[in-house]
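Student: I have a model on screen and would like to learn how to read it. Can we take it feature by feature?

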Amino acid sequence: NSINLLHNPFIGGLITDMPAIPKRKMALIIPGHNEALVIQDTIKSAINAGQPIQDIYMVDDNSDDGTAKLAQTVLKPNHVLSVTRSGKAGAIMKALKYWDIANNYEWVHIADADSMFESHYFAEFTSHLDPKKYAAATGYVKSLKSNWISKYRAYEYSFGQEITRCLQHVLGVIPVIPGPTSCYRTDILDQLDFMTTNMTEDFDLTLQIHRKKLGRILFIPSAKTLTQDPKDYKDYVKQVSRWYRGFWQGVVERKIGFGFQKIDLYLGYQILEMFAYYMNILILFPILLLRGNAVFALALSFIVDFVIFFSSALFGSAAHRRADVLTAFPLFYILRLTNMVIYLKAFVEVVILKQFKIHQVGWSTTGRRYKISQGSNL
């Protein structure tokens with residue numbers, strides 16, 4: 001059986017009087033709750049991508065679908081840990097303490113349970129890690145092939161990382177280390193509060209690194225991992241709602257705009273840019289329409305927008321080598337409009353109405369996961 005801590009409220013590292021031994025380079029921790037459909041493929045993908053099996057750990061957040069037992073078929077029993085329902089961040093904290101990761105490794109990589117890694121991912125990742133230069137690191141996220149939503153995400157991920165993320169890296173303002181590919185220098189772990197109330201803990205942890213001036217964040221575009229996207233529109237709305245609510249929670253909690261750091265300037269500019277766009281769409285254009293002199297402006301704006309949007313989609317298709325991305329292009333407008341509505345709605349909920357101050361412990365993947373073929377995506 002897997003190591004079971006369901007009735008043990010106190011979890012701590014092992015105590016030893018033996019002389020200290022050199023730390024290993026990097027541990028991989030995979031937290032999961034009800035991940036029976038994907039957990040074996042994720043672990044095998046990590047091994048095939050160069051991560052030594054003795055450095056892979058899986059923490060099971062009280063699953064009831066046999067996730068831990070399935071993980072044990074690939075990993076050693078003492079590398080699989082079962083804990084009481086703690087939520088993703090809580091499960092990670094318990095795993096870090098139980099396996100004494102900080103004292104045994106220089107770095108810890110945390111990956112989602114639905115991740116798949118391209119060949120040589122971990123060789124690429126570890127070769128760029130320099131503890132003297134960086135406090136954390138992230139790789140390149142790609143979308144697994146599935147449905148029209150994954151095609152939109154391929155467009156978003158490519159443009160957002162080929163251009164935006166590279167610029168963020170140069171400026172030192174990476175705002176979020178995404179869940180599928182997040183890595184931290186272990187000597188900063190005790191300064192990070194994993195038990196955040198933010199709905200998007202990866203965003204909050206990244207803001208903590210900036211706020212506490214723990215060091216630069218590295219972007220490694222050659223280390224590519226693939227992740228599952230929502231199965232349908234309803235699940236997409238749930239995911240994006242959580243992301244944007246978490247974004248505004250982070251803005252409020254970490255007082256973005258008032259910290260006099262580069263991250264304040266960067267995120268502040270993004271927020272102002274978005275609201276300027278909303279002002280044009282919701283106020284300026286309607287006023288001009290009522291005055292009868294905005295028809296030409298609207299037509300021209302739509303044509304320019306279409307050209308830019310399609311060109312970006314074409315760029316994403318080429319960057320990910322996925323011609324199928326363009327087949328769903330007309331539907332991209334639905335998801336882009338959805339994002340805009342949810343962004344504004346989340347602002348009202350979190351910033352104005354002060355909702356979602358309490359984040360319930362726990363996470364759910366019910367209905368979100370699907371079995372995949374590794375070869376079809378790598």
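Student: How many residues of S3 are buried?

Tutor: Buried means under 20% relative accessible area, exposed over 50%, and partly exposed in between (1.4 Å probe, protein chains only). Strands (E, at least two residues) and helices (H or I, at least four) are DSSP runs, numbered from the N terminus. S3 is mostly covered, with 6 of its 6 residues buried. Ile 56, Met 58 and Asp 60 point one way, while Tyr 57, Val 59 and Asp 61 point the other way.

Student: What should I know about the model before going further?

Tutor: This is a predicted model, in which local features need pLDDT of at least 70 and side-chain atom pairs count only at pLDDT 80 or more, while totals for chains, interfaces and linings use all residues. Residues are numbered from 1 along each chain as its sequence is written, and side-chain values use heavy atoms, leaving out hydrogens and water.

Student: What is the average pLDDT of the protein?

Tutor: pLDDT is the predictor's confidence in each residue, from 0 to 100. The average here is 88, and 88% of the residues score at least 70. Over residues 6-12 pLDDT stays under 50. For that stretch the model has 10 contacts (heavy atoms within 4.5 Å) beyond four places in sequence.

Student: In which sense do S2 and S3 pair?

Tutor: Two strands pair if DSSP finds at least two bridges between them. S2 and S3 have 5 bridges and pair in the parallel sense. Ile 30 has Met 58 in S3 as its bridge partner.

Student: Which way do S5 and S8 run?

Tutor: Strand S5 (residues 105-110) and S8 run antiparallel, joined by 4 bridges. Trp 107 stands opposite Arg 185 in S8. Strand S7 (residues 134-143) also runs antiparallel to S8, with 3 bridges. There, Thr 138 stands opposite Ser 182.

Student: Which residues of S8 point which way?

Tutor: Ser 182 and Tyr 184 point one way, Cys 183 and Arg 185 the other way. All of these are buried.

Student: How many disulfides does the structure hold?

Tutor: A disulfide is a covalent bond between the sulfur atoms of two cysteines. The test is a pair of cysteine sulfur atoms within 2.5 Å. The structure holds 0 disulfides. Cys 183 is buried, at a relative accessible area of 0%. Cys 166 is partly exposed, at 30%.

Student: Which residues have the most contacts inside the largest nonpolar core?

Tutor: In soluble globular proteins, nonpolar side chains tend to be buried together. A nonpolar core is a set of buried Ala, Val, Leu, Ile, Met, Phe, Trp, Tyr and Cys residues joined through side-chain atoms within 4.5 Å. The largest one here has 31 residues, and those with the most contacts inside it are Ile 101, Tyr 184, Phe 194 and Ile 209. Elements giving it two or more residues include strand S2 (24-32), helix H3 (87-98) and helix H7 (201-211). H3 gives the largest share, 5 residues. Apart from this core lies another of 28 residues, among them Phe 122 and Leu 218.

Student: What is Ile 209 in contact with?

Tutor: Leave aside neighbours within four places in sequence. The contacts of Ile 209 then include Ala 136, Tyr 184, Leu 192 and Ile 217.

Student: Is His 210 buried or exposed?

Tutor: His 210 lies in helix H7. His 210 is buried, because its relative accessible area is 12%. Not counting residues up to four places away, His 210 touches Gly 172, Val 173, Ile 174, Ile 217, Gln 261 and Ile 263. His 210 and Gln 261 are 51 residues apart in sequence, yet 8.0 Å apart in space, C-alpha to C-alpha.

Student: Where does Lys 354 lie?

Tutor: Lys 354 lies in the loop between helix H11 (329-352) and helix H12 (374-377). Look at its backbone too. Most residues other than glycine have a negative phi. Phi of Lys 354 is positive, near 60°. Lys 354 counts as partly exposed because its relative accessibility is 49%. Asp 100 also has a positive phi, near 50°, and lies in the loop between H3 and helix H4 (101-104).

Student: Which residue follows H1?

Tutor: Gly 50 follows H1, with a positive phi near 105°. Within helix H1 (residues 39-48), the buried residues include Ile 39, Thr 42 and Ala 46.
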